[in-house]
Amino acid sequence: MKDINNSVFTGRLGANVDYRVAPNEAGTKISTMSVAVNFMSKGVEKVTWLRVKAFNGLADICKEHLVKGSRLGFVGHYQEDKVEEEGKPTKYYSYFVMDNLTMLGGTPAPDAQTEEEATEDVAQANQDNLIEQAEEALA
């Protein structure tokens with residue numbers, strides 16, 4: 001039986017989405033976000049900030065439809081990158097990779113599409129992402 005690396009969160013964007021295209025052959029699109037999630041501890045509400053990345057189709061959707069304060073739900077998996085530079089200590093960066101997105105309302109994006117069009121875009125990006133993951137698993 002395989003282990004599962006999967007998490008479900010709802011929260012709010014702490015800042016506008018940082019969007020870039022990687023300088024690789026594929027031109028991978030990357031949206032990086034800070035998402036605030038709340039939890040209760042001994043009757044006191046606390047906030048944890050998550051670093052979240054979305055790639056390709058989901059990155060485009062995040063860039064187009066999410067702004068600071070937007071509410072979102074997402075399914076993602078934990079990932080850690082290791083960066084080694086000569087003469088410097090090794091650095092580790094941890095974040096969640098968004099696999100699925102649900103926009104929950106909140107602050108609307110400027111010049112946003114209708115809710116129906118945005119929902120169709122997100123559904124298509126989620127489907128494309130699942131196909132990509134399945135192809136990687138079969139390879």
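Modeller: One term to begin with: pLDDT is the predictor's confidence in each residue, on a scale from 0 to 100. This is a predicted model, in which local features need pLDDT of at least 70 and side-chain atom pairs count only at pLDDT 80 or more, while totals for chains, interfaces and linings use all residues. Residues are numbered from 1 along each chain as its sequence is written, and side-chain values use heavy atoms, with hydrogens and water left out.

Colleague: What is the mean pLDDT of the chain?
Modeller: The mean is 83, and 76% of the residues reach 70 or more.

Colleague: Where is confidence lowest, and where highest?
Modeller: Helix α2 (residues 115–138) has the lowest confidence, with a mean of 60, and strand β2 (residues 18–21) the highest, at 94. Helices (H or I, at least four residues) and strands (E, at least two) are DSSP runs, numbered from the N terminus.

Colleague: Over which residues does pLDDT stay under 50?
Modeller: Residues 109–115. The model has 8 contacts for them beyond four places in sequence, a contact being heavy atoms within 4.5 Å. Where pLDDT is low, the predicted coordinates should not be read in detail.

Colleague: Fine. Strands next: how do β1 and β5 pair?
Modeller: They are antiparallel, over 6 bridges. Two strands pair if DSSP finds at least two bridges between them. Thr-10 has Gly-73 in β5 as its bridge partner.

Colleague: And over how many bridges do β1 and β3 pair?
Modeller: Over 2, again in the antiparallel sense. Arg-12 stands opposite Ala-36 in β3.

Colleague: On to aromatics. How many aromatic pairs are there?
Modeller: Rings of Phe, Tyr and Trp (its six-membered ring) pair if their centres lie within 6.5 Å; planes under 30 degrees apart count as stacked, over 60 as edge-to-face and the rest as tilted. By this rule there are 3 aromatic pairs. In Phe-9 and Phe-74 the ring centres are 5.5 Å apart and the planes at 35°, so this pair is tilted. Phe-9 lies in strand β1 (residues 7–13) and Phe-74 in strand β5 (residues 70–83), so the pair ties together parts 65 residues apart in sequence.

Colleague: Are those two buried or exposed?
Modeller: Phe-9 is buried at 19% relative accessible area, and Phe-74 is buried at 2%. The cut-offs are under 20% for buried, over 50% for exposed and partly exposed in between (1.4 Å probe, protein chains only).

Colleague: What about Tyr-78 and Phe-96?
Modeller: They form an edge-to-face pair, 5.9 Å centre to centre with 70° between the planes. Tyr-78 is in strand β5 and Phe-96 in strand β6 (residues 91–106), 18 residues apart. Tyr-78 is partly exposed at 37%, while Phe-96 is buried at 13%. Phe-9, Phe-74, Tyr-78 and Phe-96 form one aromatic cluster.

Colleague: Which ring does Lys-53 lie over?
Modeller: Tyr-95, at 4.3 Å from the ring centre. The rule for a charge over a ring is NZ of Lys or CZ of Arg within 6 Å of the ring centre and within 35 degrees of the ring normal. Lys-63 lies over the face of Tyr-19, at 4.4 Å.

Colleague: How many residues are in the largest nonpolar core?
Modeller: There are 18, and Met-33, Cys-62, Leu-72, Phe-74 and Met-98 have the most contacts inside this core. The elements giving two or more residues to it are β1, β3, β4, α1, β5 and β6. A nonpolar core here is a set of buried Ala, Val, Leu, Ile, Met, Phe, Trp, Tyr and Cys residues joined through side-chain atoms within 4.5 Å.

Colleague: Where is Cys-62 found, and what is it in contact with?
Modeller: Cys-62 is in helix α1 and is buried, at 0%. Beyond its neighbours within four places in sequence, its contacts are Val-17, Ser-31, Met-33, Ala-54, Met-98 and Leu-101.

Colleague: Last topic, backbone. What is phi of Lys-42?
Modeller: Phi is near 55°, a positive value in a residue other than glycine. Lys-42 is in the loop between β3 (29–41) and β4 (44–55) and is exposed at 84%. Asn-56 also has a positive phi, near 55°. Asn-56 is in the loop between β4 and α1 (57–65) and is partly exposed at 25%.
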